[in-house]
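Here are my notes on this chain, written for a first look. Please keep the structure open while you read.

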Amino acid sequence: MVLLASDNRGFAALIGVLIFGGFCITIATSMVLSATRSMQTSLAMRQSYEAKAVAEACADIALQAIHDDTGYTGTGGTTLGMGTCTYTVTDNGGSTRTVDVSASVGRIVKTFVITTDQVSPTIHIASWSEI
């Protein structure tokens, strides 16, 4: 009978160790998944900031083209860092121009629409909005 009692205690200890191990594996898996989600969010935030910076730089390039030639209309683009951008300058008549800018870094895209109401002697920005 003593053997049966000690066998039961060993079985109970084994079950306890298995339950504890399962609990530890669950916690470890949860921590790995949380870290992965955190890294993905961090990457998306970084790419968002970079895309905005690229779009703003591209807008500056388009505005410089208007400054250099007040009759300028057309499209252009460039690659800056890890991002690419394109812009389109449209003449709305008189001194009014619309500049559409789109920039992307990874899967993140930022778009701006800029309107001027004066192009000479200096450019006056009537509106600058992110879409």
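**Notes on the model**

1. Start with one residue. Isoleucine 66 touches Tyr72, Val89, Arg97, Val99, Val119 and Ile123, leaving out residues up to four places away in sequence. Contact here means heavy atoms within 4.5 Å.

2. A word on the source. This is a predicted model, where local features need pLDDT of at least 70 and side-chain atom pairs count only at pLDDT 80 or more, while totals for chains, interfaces and linings use all residues. Residues are numbered from 1 along each chain as its sequence is written, and side-chain values use heavy atoms, with hydrogens and water left out.

3. Now the overall plan. The protein chain has one helix and five strands. From the N terminus on, the order is α-β-β-β-β-β. Helices (H or I, at least four residues) and strands (E, at least two) are DSSP runs, numbered from the N terminus.

4. How far does the C-alpha trace of the protein chain span along its principal axes? The spans are about 105 × 25 × 15 Å. The radius of gyration is 30 Å, whereas a compact globule of 131 residues would have one near 14 Å. That radius is taken over C-alpha atoms, and the globule rule is 2.2 Å times the number of residues to the power 0.38. Of the 131 residues, 21% count as buried. Buried means under 20% relative accessible area, exposed over 50%, partly exposed in between (1.4 Å probe, protein chains only).

5. Next, the core. Of the 20 residues in the largest nonpolar core, Ile66, Tyr72, Tyr87, Val89, Val99, Val101 and Ile114 touch the most other members. Helix 1 (2-68), strand 2 (83-91), strand 3 and strand 4 (108-118) each supply at least two residues of this core. Helix 1 gives the most, with nine residues. A nonpolar core is a set of buried Ala, Val, Leu, Ile, Met, Phe, Trp, Tyr and Cys residues joined through side-chain atoms within 4.5 Å. In soluble globular proteins, nonpolar side chains tend to be buried together.

6. Follow the strands in order. Strand 2 and strand 3 run antiparallel, joined by eight bridges. Two strands pair if DSSP finds at least two bridges between them. Aspartate 91 stands opposite arginine 97 in strand 3. Five residues lie between the two strands of this hairpin, and glycine 93 in the turn has a positive phi of about 100 degrees.

7. Strand 3 also pairs with strand 4, antiparallel over nine bridges. Serine 102 stands opposite threonine 111, and aspartate 100 has valine 113 as its bridge partner. Two residues separate the strands of this hairpin, with glycine 106 in the turn at a positive phi of about 65 degrees.

8. Strand 4 pairs with strand 5 (residues 124-130) as well, antiparallel over six bridges. Here valine 113 stands opposite serine 129.

9. Last, look at threonine 98. Is this residue buried or exposed? Threonine 98 is buried, because its relative accessible area is 15%. Threonine 98 is found in strand 3 (residues 97-105). Beyond its neighbours within four places in sequence, threonine 98 contacts Thr88, Val89, Thr90, Asn92, Val113, Ile114 and Thr115. The side chains of threonine 98 and asparagine 92 are joined by a polar contact of 2.5 Å. Such a contact is a pair of N or O atoms within 3.5 Å; within protein, one must be able to donate a hydrogen and the other to accept it, and residues adjacent in sequence count only if both atoms are side-chain atoms.
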